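This briefing covers one chain and its ligand. Please keep the sequence and the model in view while reading.

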Amino acid sequence: MLVVLLPAALPSLVVRTASPVAPFCARSPAPAPRASGCVLAERPRRREAIFLAGLPGSGKTRVIKQRFGFTRDDASVLDLDKEIVHHPNYDPESMAAVYDVPGAYEWADERVERAFRAALADPDAFPRIVLDGTGTKVKRRLDRMAAAREAGLWVKLLYVRVKLKTALRRNGKRRRQVPLETLQLYQRLVDAAVAAEKGAADEVEVLDNDTDRAFTGVPSLRPNPNKRP
Ligand SMILES: Nc1ncnc2c1ncn2[C@@H]1O[C@H](COP(=O)(O)OP(=O)(O)O)[C@@H](O)[C@H]1O
Ligand SMILES: [Mg+2]
């Protein structure tokens, strides 16, 4: 497994370990940033499934855009929140209310599951699959990581880590705001989930995203480690 820890937008320290459950490595001085806007068109030699984890408001969706050039509307990005808007009871005026409708969550998850299985089965259309979300449904995550591996994909866990106060601040600017108590609960769930999921990944990256940075719009696609000889 590879373990990577880096501040946002900077290249990584990469540690190779023999252990399938490696601890996160310590922060190291970062080398100079790499400019890489044009590599977006290049496909990874081995397909990748990237599983995001992090608090609501930590910056997961933004990192996906910044790093891979995918918006949440892209078919390569699988996200329960983007499926739930198709539920018959979804109300744009009260965006979170649909989650209280019995069966709505499962309904949306079934759509994600179908899209995920279809993406796994279609290497040409989906050389890179990104699963957006907090990552806190551990069993489902582990099942999907196993399925991706089984399908021959490189499995990466990308943890966008922020302090609670950062998530609270960023949530405060949104239409659908997650209250403090929910964020506190999520913080425990996310930490536990990452600890449980990291052993199932080929690569783990912890990206500290507390610092606000301007969005360049230029994808900073990092190379798939499998490309290296
Ligand atoms: N490093 C950053 N610098 C500036 N703004 C950020 C940064 N990371 C996230 N944001 C902003 O915080 C908000 C939440 O980010 P988002 O990616 O939607 O979070 P998540 O998908 O984890 O819920 C967005 O407005 C986003 O632009
Ligand atoms: Mg998001």
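Which residue in S5 does phenylalanine 51 stand opposite? Phenylalanine 51 stands opposite leucine 131 in S5. This is a predicted model, in which local features need pLDDT of at least 70 and side-chain atom pairs count only at pLDDT 80 or more, while totals for chains, interfaces and linings use all residues. Residues are numbered from 1 along each chain as its sequence is written, and chains are lettered from A and ligands numbered from 1 in the order in which they are written.

**Overall layout**

- The chain has six helices and seven strands; helices (H or I, at least four residues) and strands (E, at least two) are DSSP runs, numbered from the N terminus.
- Read from the N terminus, the order of elements is β-β-β-α-β-α-α-β-α-β-α-α-β.
- Of the 229 residues of the chain, 34% count as buried. A residue is buried if 20 or more other C-beta atoms lie within 10 Å of its own, exposed if 12 or fewer, and partly exposed in between, with C-beta atoms placed from the backbone.
- Among contacts between residues at least 6 apart in sequence, 75% join residues at least 24 apart. Two residues are in contact if their C-beta atoms, placed from the backbone, lie within 7 Å.

**Confidence**

- The average pLDDT of the chain is 83, and 78% of the residues score at least 70; pLDDT is the predictor's confidence in each residue, from 0 to 100.
- Among the elements, strand S2 (residues 13–16) has the lowest mean pLDDT (34), and strand S4 (residues 77–78) has the highest (98).
- Over residues 8–41 pLDDT stays under 50, and the model has 53 contacts beyond four places in sequence for them.
- Where pLDDT is low, the predicted coordinates should not be read in detail.

**Strand pairing**

- Strand S3 (residues 48–53) runs parallel to S6, joined by six bridges; two strands pair if DSSP finds at least two bridges between them. Alanine 49 has valine 155 in S6 as its bridge partner.
- S6 is also joined by six bridges to strand S7 (residues 203–208), and these two run parallel. Here arginine 161 stands opposite aspartate 208 in S7.
- S3 and S5 run parallel and are joined by four bridges.
- Two bridges join S4 to S5, again in parallel. The bridge partner of leucine 78 in S5 is leucine 131.

**Burial and core**

- Strand S6 (residues 154–161) is largely enclosed by the rest of the structure, because eight of its eight residues are buried. One side carries Trp154, Lys156, Leu158 and Val160, and the other Val155, Leu157, Tyr159 and Arg161.
- In strand S5 (residues 128–131), Arg128 and Val130 point one way and Ile129 and Leu131 the other way, and all are buried.
- S7 is mostly covered, with five of its six residues buried.
- The largest nonpolar core has 42 residues, of which Phe51, Leu52 and Val130 touch the most other members. S6 supplies the largest share of this core, six residues. A nonpolar core is a set of buried Ala, Val, Leu, Ile, Met, Phe, Trp, Tyr and Cys residues joined through C-beta atoms within 7 Å.
- Not counting residues up to four places away in sequence, valine 130 touches Ile50, Leu52, Ile64, Phe68, Phe70, Ser76 and Val77.

**Ligand 1**

- Ligand 1 is surrounded by 14 residues, the closest being Gly59, Lys60, Thr61, Arg62 and Arg170. A residue is near a molecule or strand if its C-beta atom, placed from the backbone, lies within 6 Å of it.
- Helix H1 (residues 60–68) gives the largest share of this shell, three residues.
- By class, the shell has two nonpolar, six polar and six charged residues. Ala, Val, Leu, Ile, Met, Phe, Trp, Tyr, Cys and Pro count as nonpolar, Asp, Glu, Lys and Arg as charged, and the others, Gly among them, as polar.

- Phenylalanine 215 is in the segment after S7. Phenylalanine 215 counts as exposed because it has 9 C-beta neighbours inside 10 Å.
- Arginine 140, in helix H4 (residues 138–150), is partly exposed, with 16 other C-beta atoms within 10 Å. Arginine 140 and glutamate 113 are 27 residues apart in sequence and 9.6 Å apart, C-alpha to C-alpha.
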